[in-house]
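Hi,

Here's the structure I promised to pass on.

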Amino acid sequence: MSVVLNVEGLGKCYATYSSNLARFAEWFGFRAKHKTDYWAVRDVNLSLQQGQALALIGQNGAGKSTFLKLVTGTVRATTGRVNLGGRVSAILELGLGFNPDFTGRQNVFLSGGLMGFSSSELTSLIPGIEEFAEIGEFFDQPLRVYSSGMQARLAFAVATAVRPDLLIVDEVLSVGDSYFQHKSFDRIREFRKQGTSLLFVTHGMGDVRALCDRVILLDKGMIAKEGLPDEVVDYYNAMIAEKENAKLSIEQRRQKSGWLVTELGSREAVLESLRLKDADSGDQVQMARVGQRLLIESRVLVRMPIRRLVLGHRIMDRTGHIVWGTNTWHTRQVLENVSAGEVVTFKVAFDCTLGPGAYAICFGLTSSDTHLDNCYHKTDNALVFDVMNADKPVFIGTNWLDANIRIERFAEQGNRLCE
């Protein structure tokens, strides 16, 4: 496959001067005193092949948007170089490339012209852009009266009017309504099937897991981690907790089954065992049946005195989608003043209403409703199990509903024939 994006040693440094005189002095070759350098992006290297999808994640200020601007050329790099192959479309900040006094139609010609389209090409593309944006009469009104969601609709419709070789998207789609977000991601998926590469920034980890082949985590302008979506997303979530509590440590390991286990915690309390059992017989379960009564049994050892202890569980499917989750904070079962040496057993009974497939149980020991505060022990994908449909009618999806289909037939005169 051909490479559509290659970045080597890319960096962007912003300088802060003590005075305008010092700034002017450096322009003329003199070394300015009291100058502070801030590297928004530093020493980033990556390549993206045709048809691949790459997400950039990280906390605010990590350098994600600056990196996209460097790639698209709207910001000049301090170091390194960017090589692009093929047609590139980018959706960055709202209103970028638009004139607020122009109508939507006029802005299509303005923005499209900057993208390299001729006037005749844009004239032929206008009907499709207008239809996809679905902003009605606002298409011929000034952009200044648009809501942020309407601007996002127009920007996406223009950028994707022709399938690009590389589509670059910042978080601009997050301001749109859920209907247009689904519509936009459907178009992105269709482009990917046709060979378009995708580079985008988002805080939506569900989109990252669903769309991407690779993920890069940026921290302080540099690559902190790069790899498969589950690996980097779990590491990112753990890293946030680690920053909130310096005592935490992060460990990752991939099981033979392919599931990634991410573990962290300060270890004042630890999970000694986690088992999935048949709720009636007590036998351990590796392959559950749809409709079976199950029991999650957790055994926790408390190593140090804890003022509050909360246990949380989540069940996730193979794509990382959370099927169900809760904790004893929300169920109002918080344990108070737990002593060192105590062993606590938690038992969660439930009916297996899951669809056939593979699932993982995640757990967390905390002091409140979030692991960002006193994360004692947390493990994603701690226990993996499968679900099979043995005796229910065939169905699809991740959930089984005890649904009853009722059919009534009537003769033409309205008389009931059967039920």
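Predicted model: local features only at pLDDT ≥ 70, side-chain atom pairs only at ≥ 80, totals over all residues.

Residues are numbered from 1 along each chain as its sequence is written, and side-chain values use heavy atoms, with hydrogens and water left out.

**Rings**

There are five aromatic pairs in the structure. Rings of Phe, Tyr and Trp (its six-membered ring) pair if their centres lie within 6.5 Å; planes under 30 degrees apart are stacked, over 60 edge-to-face, and the rest tilted. F132 and F180 make an edge-to-face pair, 5.7 Å centre to centre with 70° between the planes. This pair links distant parts of the chain, as F132 is in helix α4 (residues 119-133) and F180 in helix α6 (residues 178-193), 48 residues apart. Helices (H or I, at least four residues) and strands (E, at least two) are DSSP runs, numbered from the N terminus. Ring pairs also join F132 and F180 with F156 in a cluster.

F132 has a charge to look at too: K183 lies over its face, 4.5 Å from the ring centre. For that, NZ of Lys or CZ of Arg has to be within 6 Å of the ring centre and within 35 degrees of the ring normal.

**Helix α3**

In α3 (residues 104-114), the buried residues are G104, N107, V108, S111 and G112. They sit on the same side of the helix, because they cover an arc of only 125° around the axis (the arc is that of the directions from the helix axis to the C-beta atoms).

**Salt bridges**

I got 21 salt bridges, each being a side-chain nitrogen of Lys or Arg within 4 Å of a carboxyl oxygen of Asp or Glu. D140 and R105 form one of them (2.7 Å, N to O). D140 lies in the loop between α4 and α5 and R105 in helix α3, so the pair ties together parts 35 residues apart in sequence. D140 is partly exposed at 44% relative accessible area, and R105 is partly exposed at 27%. Elsewhere, K225, D230, E231 and R254 are linked in a network of salt bridges.

Cheers

Conventions: Buried < 20%, exposed > 50% of the residue type's maximum accessible area, 1.4 Å probe, protein only.
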